[in-house]
Amino acid sequence: MSYRITSFDQYKEQYANSVNDPENFWAEIADSFHWKSKWDKTLEWEFETPNVKWFVNGKLNITENCIDRHLGQHRDKTAIIWESNFPDRENIYLSYGELHIEVCQAANALKSMGIGKGDRVCLYMPMIPELAVAVLACARIGAIHSVVFAGFSAQALADRIEDAKCKVVITSDGLFRGNKKVELKKIVDEAVSKCSCIEHILVKKCTYEEVNWNKQTDIWWDDLIPNQATVCPAEEMDSEDPLFILYTSGSTGKPKGVVHTCGGYMVYTAYSFANVFQYDESDIYWCTADIGWITGHSYIIYGPLLNAATTVMFEGVPTWPDGGRFWQIIEKLKVNQFYTAPTAIRALMTCGEEIVIKNDLSSLKVLGTVGEPINHEAWEWYKRVIGENKVPIVDTWWQTETGGIMISGLGSFSPQKATFAGYPLPGIQPCLVDQNGVEIKENGQEGLLCVKFPWPSILRTTYGDHKRCKLTYFSSFKGMYFTGDGARRDMDGMYRIIGRVDDVINVSGHRFGTAEIENAINESEFVVESAVVGYPHEIKGQGIYAYVICDNIPSNYEMARLEILNTVVREIGPIAKPDKIQFVSGLPKTRSGKIMRRILRKVAEGEPDKLGDISTLLDPTVVSEIIKGAL
Ligand code: WT7
């Protein structure tokens, strides 16, 4: 690809160009794609509103760039390799030619259900090839996909369906994840019963178990799709038409729908994929994320396919049937680039080295991590045991809102420092500011991480609530996008991400707002009030610590605890279950009624001697009770 950087010197040169003349820089990169008609202005922006437009009036369809464009040279090249949850099942290989047919058929099927440009379609699916096909089928016809991770509860799914007013849900009878089975159709039925917007449920067979069937609304994927025409014209999309919505948690109670648009997202995911992973034409690339998260959108589907890459999609989990699953797959498929999360690395470290070195990992050229700060120990282990000290690690910092990787090494030629994400990609202008928004220009300092200039895949809005987008990201510091993260820039100018500075906790690379979990806990019968904080957790990065005030306690606390856990599973899903629940009689509040989480955090972190000033508390005596009862 013409936009591939091949040395650190070239990186420095490109970086300088991208800052001196961003518009020309991105216009040149955008030129390597297929546009139905060219943009007339590269960038229009203003962070105040915010209003950001890239490749203004350009027309395109991202699926033509992901698939059709490659059919000449790469028709028979494998686009997707699917690895089942079950190690003994055969892989499925989908070539670019086959993917084209499947996407067109699914797109025609959606049309036959009355879906068109601008309509929202919810995908609540296992990690099966049909999920990738469904994503691209939406994009083909200009429908906006909203993928919801298939671990969220019926309530969480219903909230997301309702917020986006989706007309169709695509799901499966059920899914396999390790030795667990989840009845997805049943969850979807429950969710849909709470919504008024769903017209059809399209169901792929996966577990082949019986499901409830509503003849009015439900359609089997396998009945509808194979009969469709194998050609479907790609809808002409404006560069700034929405491509998808992806819900993510913030510091308030309700998850928000981050909106990405067609042109800029395409250019940035393609560019960042090629450069961070240094993908070569015959490489096999594997990202272990779920497509329910942004990592899966940008770096399982769009980024790789835009580069005509071969991308692996894995249905299962790292630790089943045993902790060697990832390493066996790398050997079997001869994976060249491997991209995973620190939490997975930490979990697999506990399985020992024996199970790793049984496998031939010599195909690896680049190792990536994403989702949370990686600790020293995990970085060193990844480097030494998985990379045999020969493979570079790229620690990629980014967010759902940034659409693509922002700060990271590029393959093997960027300097590497354990726990440092490193330098920004070309086109990305990060900066550190202090509490007052004053930029910290010297190196060797810590601050709040912001970005000063738009990049093509910056979020455009939060669905249905532009004000919230402005408030959350563009109002803390004038003229800047605020990330919510704290970071340090060392004397070499390299960035190390410290973690969230807002009321967001990062559990195994998944984001939750403390308020979101509190709202769920407060739904349980015995709970009067609760406060949630994160605390360091050996495997998950952060664990969830809940302080709970109960009323009418049942015969014992154990019952209340179970009730709370069940409620959280019902309201959000198993991934948000608190790791620790401490029952308290009061919470530390200021005179204005604000919970002082700083205190709760210190107690949860096991540092009750470092509470700092507690004189502003309404009732300082609750603190000693909380410290005494700490878990
Ligand atoms: C938050 C974004 C980006 C895809 C996965 C998570 C944290 C992400 C790193 C990293 C340190 C990281 C940040 C960020 N984060 N990558 N390499 N080093 N922290 O996406 O759910 O939108 O979460 O994850 O705190 O703000 P997300």
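## Buried helices

Helix α17 (residues 514-522) is largely enclosed by the rest of the structure, because seven of its nine residues are buried. The buried residues are Thr 514, Ala 515, Glu 516, Ile 517, Glu 518, Ala 520 and Ile 521. The model is a predicted one.

Helix α11 is also largely enclosed by the rest of the structure. Here 13 of the 13 residues are buried. Ala 308 follows α11. The phi of Ala 308 is positive, near 55 degrees.

## Packing of α10 on α11

Two packed helices are described by the angle between their axes and the distance between the axes. For helix α10 (residues 262-277) and helix α11 (residues 294-306), the angle is about 90 degrees. Their axes are 8 Å apart. The two helices are therefore roughly perpendicular to each other.

From α10, the contact takes in Tyr 265, Met 266, Thr 269, Ala 270, Ser 272, Phe 273 and Phe 277. From α11 come His 297, Ser 298, Tyr 299, Tyr 302, Gly 303, Pro 304 and Leu 306. By class, nine of these contact residues are nonpolar and five are polar. No charged residues take part in the contact of α10 with α11.

## Packing of α13 on α15

Helix α13 (residues 342-349) packs with helix α15 (residues 376-386) at an angle of about 75 degrees. The axes of α13 and α15 lie 10 Å apart. An angle of 65 to 115 degrees counts as roughly perpendicular, so α13 is roughly perpendicular to α15.

On the α13 side, Ile 345, Arg 346, Leu 348 and Met 349 make the contact. The contact of α13 with α15 has six nonpolar and two charged residues, and no polar ones.

## Cavities

The structure holds three cavities of 30 Å³ or more. By class, the lining of the largest cavity divides into seven nonpolar, three polar and two charged residues.

The second largest cavity has a volume of about 50 Å³. Val 147, Val 148, Phe 149, Phe 152, Arg 160, Leu 246, Tyr 247, Gly 292 and Trp 293 line the second largest cavity. Seven of these lining residues are nonpolar, one is polar and one is charged.

## Two loop residues

Thr 207 sits in the loop between β11 (200-204) and β12 (218-220). Its relative accessibility is 13%, so Thr 207 counts as buried. The cut-off for buried is under 20%. Leaving out residues up to four places away in sequence, Thr 207 touches Asp 173, Gly 174, Leu 175, Phe 176 and Lys 181.

Lys 441 is in the loop between β22 (439-440) and β23 (445-451). At 63% relative accessibility, Lys 441 counts as exposed. The cut-off for exposed is over 50%. Lys 441 and Cys 431 are 10 residues apart in sequence. In space, their C-alpha to C-alpha separation is 8.0 Å.

Key
Residues numbered from 1 in each chain as written. Predicted model: local features only at pLDDT ≥ 70, side-chain atom pairs only at ≥ 80, totals over all residues. Heavy atoms only, no water. Axes fitted to C-alpha atoms, helices over the stretch in contact; angles between N-to-C directions. Helix = DSSP H or I, 4+ residues; strand = E, 2+ residues; numbered from the N terminus. Parallel < 35°, antiparallel > 145°, perpendicular 65-115°, else oblique. Contact = heavy atoms within 4.5 Å. Nonpolar A, V, L, I, M, F, W, Y, C, P; charged D, E, K, R; others polar. Buried < 20%, exposed > 50% of the residue type's maximum accessible area, 1.4 Å probe, protein only. 1 Å grid on protein atoms, 1.4 Å probe; cavity = no way out; pocket = protein on both sides within 12 Å on 5 of 7 lines; lining within 4 Å. Points joined across faces, edges and corners; volume = space filled by probe spheres on them.
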